[in-house]
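These are my notebook entries on one structure. I went through the loops, the core and the confidence values in turn.

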Amino acid sequence: MESVLSKYENQITIFNDYLEDFPDTDELVWILGKQHLLKTEKSKLLADISARLWFTYRRKFSPIGGTGPSSDAGWGCMLRCGQMMLAQALICRHLGRDWNWEKQKEQPKEYQRILQCFLDRKDCCYSIHQMAQMGVGEGKSIGEWFGPNTVAQVLKKLALFDEWNSLAVYVSMDNTVVIEDIKKMCCASALSADAAVESRRDSLNASTQSDELIFLDPHTTQTFVDTEENGMVDDQTFHCLQPPQRMNILNLDPSVALGFFCQEEKDFDSWCSLVQKEILKENLRMFELVQKHPPHWPPFVPPAKPEVTTTGAEFIDSTEHLEEFDLEEDFEILSI
């Protein structure tokens, strides 16, 4: 294990195609649902990208499970992508999509609270520790690489314990999104939010520009960062301040998962209409969208909130408590 970790100790992925190399065109660039005109709004585009929370490999955190690895270099990339996606959903929920981060500027308390949910500590609800240990129930050993579906299932289960963030996480079955099931789940949870988790097999968190993707890459190893004495987190290494990277969409691994966030029911209804109009008309569809629960499927039972919940960043002290709850679900991520 030590030899594997040393291999990734100072790894920084290098790509030749950076944003400053983009052609001077009138093309629109979409970043997580928000469009920028590349020719005239390049600085806004860069600011929007750097505002996204960026989670990468880390080292020198407390050993997972007490005796496990103290770095996720070489195996935690997909977990970091899952963290990035869920963090973006939480930012949209608590701060709004138009919120922007600025270096060395005081941020809202909600931002600090979200960031602390993802610190590499066993008592943080979406930490690498909690995700790795929850993955054991999905058949993954601690230190083993996760696929997109495993990450989605893990985050769905962890979200049940997070009372403050109040996200309903839906993971589809057989690449089929069931409108009836989502509305039933949100109604049962007294929520009007739906977040499906997005990741991809070779671990990139991406947005689009024409036939190219702009992405945040987790394959960089940084040192563990903890809260300071004043309870705040130095967040400089949680934002990608260098020019972002890009790749041709044809190089995208086919084992892909898509994620969508809807703040209210009307947002979800609008998303359904857009999918039916623009996506489902294609012959080769990435996923299906249906109104009713298929009769040949097992009954849909909305996941129940467990008795043990959190109020933000903190989490139960040990995943031994998870054995008290039946959290197994028969869903899979939107994938091909």
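Entry 1: I looked up lysine 60 and found it in the loop between strand 3 and helix 3; helices (H or I, at least four residues) and strands (E, at least two) are DSSP runs, numbered from the N terminus. The model is a predicted one, in which local features need pLDDT of at least 70 and side-chain atom pairs count only at pLDDT 80 or more, while totals for chains, interfaces and linings use all residues. Residues are numbered from 1 along each chain as its sequence is written, and side-chain values use heavy atoms, with hydrogens and water left out.

Lysine 60 is not a glycine, yet its phi is positive, at about 70 degrees. I found aspartate 174 in the loop between helix 6 and strand 4 (176-178). Its relative accessibility is 45%, so aspartate 174 counts as partly exposed.

**Entry 2: aspartate 72.** I returned to the loop between strand 3 and helix 3 for aspartate 72. Is aspartate 72 buried or exposed? It counts as buried because its relative accessibility is 0%. A polar atom of the aspartate 72 side chain lies 2.8 Å from the backbone nitrogen of arginine 58. I use "polar contact" for a pair of N or O atoms within 3.5 Å; within protein, one must be able to donate a hydrogen and the other to accept it, and residues adjacent in sequence count only if both atoms are side-chain atoms. Leaving aside neighbours within four places in sequence, I listed Thr56, Tyr57, Arg58, Phe61, Arg80 and Ile128 as the residues in contact with aspartate 72; contact means heavy atoms within 4.5 Å.

**Entry 3: phenylalanine 55 and its rings.** Phenylalanine 55 is in the loop between helix 2 and strand 3 (57-59). With 2% relative accessibility, phenylalanine 55 counts as buried. Which residues does phenylalanine 55 contact, leaving aside its neighbours within four places in sequence? I noted Arg80, Gln83, Met84, Ala87, Leu115, Phe118, Pro218 and Phe238. From phenylalanine 55 to cysteine 77 is 22 residues in sequence and 8.9 Å in space, C-alpha to C-alpha.

One aromatic cluster is made up of Phe55, Phe118, Tyr126 and Phe238. I counted eight aromatic pairs in the structure; rings of Phe, Tyr and Trp (its six-membered ring) pair if their centres lie within 6.5 Å. The charged end of arginine 58 sits over the ring of phenylalanine 238, at 4.4 Å from the ring centre. For that, NZ of Lys or CZ of Arg must be within 6 Å of the ring centre and within 35 degrees of the ring normal.

**Entry 4: the cores.** The largest nonpolar core has 53 residues, and Leu53, Phe55, Phe118, Tyr126 and Phe238 touch the most other members. Such a core is a set of buried Ala, Val, Leu, Ile, Met, Phe, Trp, Tyr and Cys residues joined through side-chain atoms within 4.5 Å. Helix 3 gives this core its largest share, nine residues. Beyond four places in sequence, leucine 53 touches Met84, Ala87, Ile91, Tyr111, Ile114, Leu115, Leu216, Phe238 and His239.

**Entry 5: helix 2 and glutamate 212.** In helix 2 (residues 42-50), the buried residues are Leu45, Asp48, Ile49 and Ser50. Their cover includes strand 1 (28-31), strand 2 (34-37) and strand 8 (212-216). I checked glutamate 212, which lies in strand 8. Glutamate 212 counts as buried because its relative accessibility is 17%. Its side chain makes a polar contact of 2.6 Å with the side chain of arginine 246.

**Entry 6: whole chain and confidence.** I recorded eight helices and 13 strands. Of the chain's 336 residues, 52% count as buried. Mean pLDDT is 80, and 77% of residues reach 70 or more; pLDDT is the predictor's confidence in each residue, from 0 to 100. Over residues 190-202 pLDDT stays under 50, and the model has 71 contacts beyond four places in sequence for them. Residues 316-336 are also below 50. Where pLDDT is low, the predicted coordinates should not be read in detail.

Notes. Buried means under 20% relative accessible area, exposed over 50%, partly exposed in between (1.4 Å probe, protein chains only). Rings of Phe, Tyr and Trp (its six-membered ring) pair if their centres lie within 6.5 Å; planes under 30 degrees apart count as stacked, over 60 as edge-to-face and the rest as tilted.
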